[in-house]
Amino acid sequence: MSIAVELEGVTCAFSTKGGGAYTAVKDVSLAVAEGEFVSVVGPTGCGKSTLLNVVAGLLKPTEGRVRVLGDVLSGVNARAGYMFQSEALMPWRSALDNVVAGLDFRGEDRASSYPKAEAWLERVGLAGFGNRYPHQLSGGMRKRVSLAQMLILDPQILLMDEPFSALDVQTRVLMENELLELWSANRKSVIFITHDLEEAISLSDRVVVLSAGPASRPIGEYLIDLPRPRDVSEIRLTPRFIALHDKIWHAMKDEVLKGYAQTRNRVSA
Amino acid sequence: MRRRLWFWQAMLLASVFSFWHVATHPELIPPVVWDNPHRAAFFFGEPVKIVKVIIDWFASGEIYPHLWVTLQETALAFVIGAVLGLAVGLWLGLSHFASALADPYIKAMNAMPRVVLAPIFMVWFGLGIWSKVALGVTLVFFIVFFNVYQGVKEVSPVVLNNATMLGATRRQLLRYVYLPSATSWVFSSLHTSVGMAFVGAVVGEYLGSARGVGYLIHMAEGSFDINTVFAGILLLTLFALVLDQAVSMAERRLLVWRPSQAGDADRAL
Ligand SMILES: Nc1ncnc2c1ncn2[C@@H]1O[C@H](COP(=O)(O)OP(=O)(O)O)[C@@H](O)[C@H]1O
Ligand SMILES: [Mg+2]
């Protein structure tokens, strides 16, 4: 299988207020195959969003580079769709108009783009909600709109930054199952960021664990050989899942504690 | 509760007018302050006569051309001022160099008491409506400009990044993200800026014109006709209230996408 995204020695440093530099991620190399679902887990603040921004082309790495389907990335990654951690919908556009936005940018006229958007809204379970504005939708519904907004453009690579972390547990399980269903119908490469190990294991083909910052880097990669199609709530009860979870959690624990201690120090300092 | 409040509000108005009537009517009470019983009426007018002036204005239809001129001036000043403020606000908000360059001059122009420009505008644009429109524009422009300028800097970076990932070019970001959110900032200052447009129109008329409600007041003052002066002031107040209601209605229609915007405006009243 060919490689969809490849990070080669990516380092990102931010200048700090004091005039120094904070190295968020250091020397990260990572490859994602076509059609592969990879989750990246790591403690909060370790640089997960930073890495995803680099792959999206929104952030230029201080060192290293990104290859997308073999080509070195410069500028915005036009092959990728991005689902952001926080609210990203345009509040002045209705759900339908938000879904159609990417097609607007491509210059497609509404006569052909609206039916597509309607179909996508239906596919994410929001048929009939097209004329609601984002503030009139629940958090879960807004995430569905974001998902439709991204998928309507049929990107080859999906970048998802803790997309469901703000949702309640039930909604979250529903959305995870729906994501898997949509993904299996038409396999894209996915980089899925989360701080939730269970979510990472139940969704992915592979889990990458990042160390705590600063200078965060991958410290372990685990193949998830659970059968598909999966039901994320059921698969969490299987022995294989529990074994994988134990193994990865064991490797992560030290990093989580380290990250926790650092945040605590930073707060008290 | 609401109805009872209305009742007392009406009572307050009625008692103020009654007091005014009793205190200024030449025969009702013996003169306290002045020897001449007609003095009080000369200084403060008589409410019954004032109301009669207003009724006569409408009955004879004499007032309509004046109201129409004032309305035209207000509307033109608002539209031109808002469009200019929006354009310049967007431009300076998006260009660091231009805003750094213009910053001291914008501050100076805003600090300048712009009413003193009225005579200059009269020399430039004559005694017709355009000198009043120009005065109103200078007042409206800065309100809208500062709102938009501030707003551009506060556009959610996530919404911008999201639009970028959906394929928006810089131009499209301007049209589909900056402009709609800037329009909402224009609307958030709508009450103030329409009020200012009105002030510009009336002050302009007052300082020199051949038409408009401000002109009526000015003429009546010239002949010491205090009742007509008060009638003009009352009419202007009513006019401003109607204008404000119209703005509230427009706001409710245009800002449906904003959470509880209309509700906030109602509460503020
Ligand atoms: N633009 C920035 N300027 C300065 N520091 C930043 C910036 N973006 C992120 N950081 C820092 O980099 C680290 C990683 O951030 P982030 O990638 O958002 O973490 P995560 O998504 O894993 O929670 C954090 O310590 C954060 O403070
Ligand atoms: Mg993050």
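1. A backbone N or O atom of A:C46 lies 3.3 Å from an oxygen atom of ligand 1. An N or O atom in the side chain of A:S49 is 2.7 Å from a ligand 1 oxygen. For A:T50, a polar side-chain atom sits 2.5 Å from an oxygen of ligand 1. A polar contact here is a pair of N or O atoms within 3.5 Å; within protein, one must be able to donate a hydrogen and the other to accept it, and residues adjacent in sequence count only if both atoms are side-chain atoms. Taken alone, ligand 1 exposes 560 Å², and the protein buries 62% of that. Areas are Shrake-Rupley values with a 1.4 Å probe.

2. On provenance: this is a predicted model, in which local features need pLDDT of at least 70 and side-chain atom pairs count only at pLDDT 80 or more, while totals for chains, interfaces and linings use all residues. Residues are numbered from 1 along each chain as its sequence is written, chains are lettered from A and ligands numbered from 1 in the order in which they are written, and side-chain values use heavy atoms, without hydrogens and water.

3. Helices (H or I, at least four residues) and strands (E, at least two) are DSSP runs, numbered from the N terminus. Helix α1 spans residues 48-56 of chain A and lies across β1, β2 and β4 of that chain. Its direction is at about 120 degrees to β1(A) (axes fitted to C-alpha atoms, for helices over the stretch in contact, heavy atoms within 4.5 Å; N-to-C angles from 0 to 180 degrees).

4. The sheet is open, with 4 strands of chain A in the order β2-β1-β4-β5 and antiparallel pairing. Pairing requires at least two DSSP bridges. β2 (21-33) and β5 (71-72) of chain A are the edge strands, each pairing on one side only.

5. β1(A) and β2(A) are joined by 9 bridges. They form a hairpin with 5 residues between them. A:G19 in the turn has a positive phi of about 100 degrees.

6. β1 (residues 3-15) and β4 (residues 63-68) of chain A pair over 5 bridges. A:L7 stands opposite A:L30 in β2(A) and opposite A:V66 in β4(A). A:E8 has A:R65 of β4(A) as its bridge partner.
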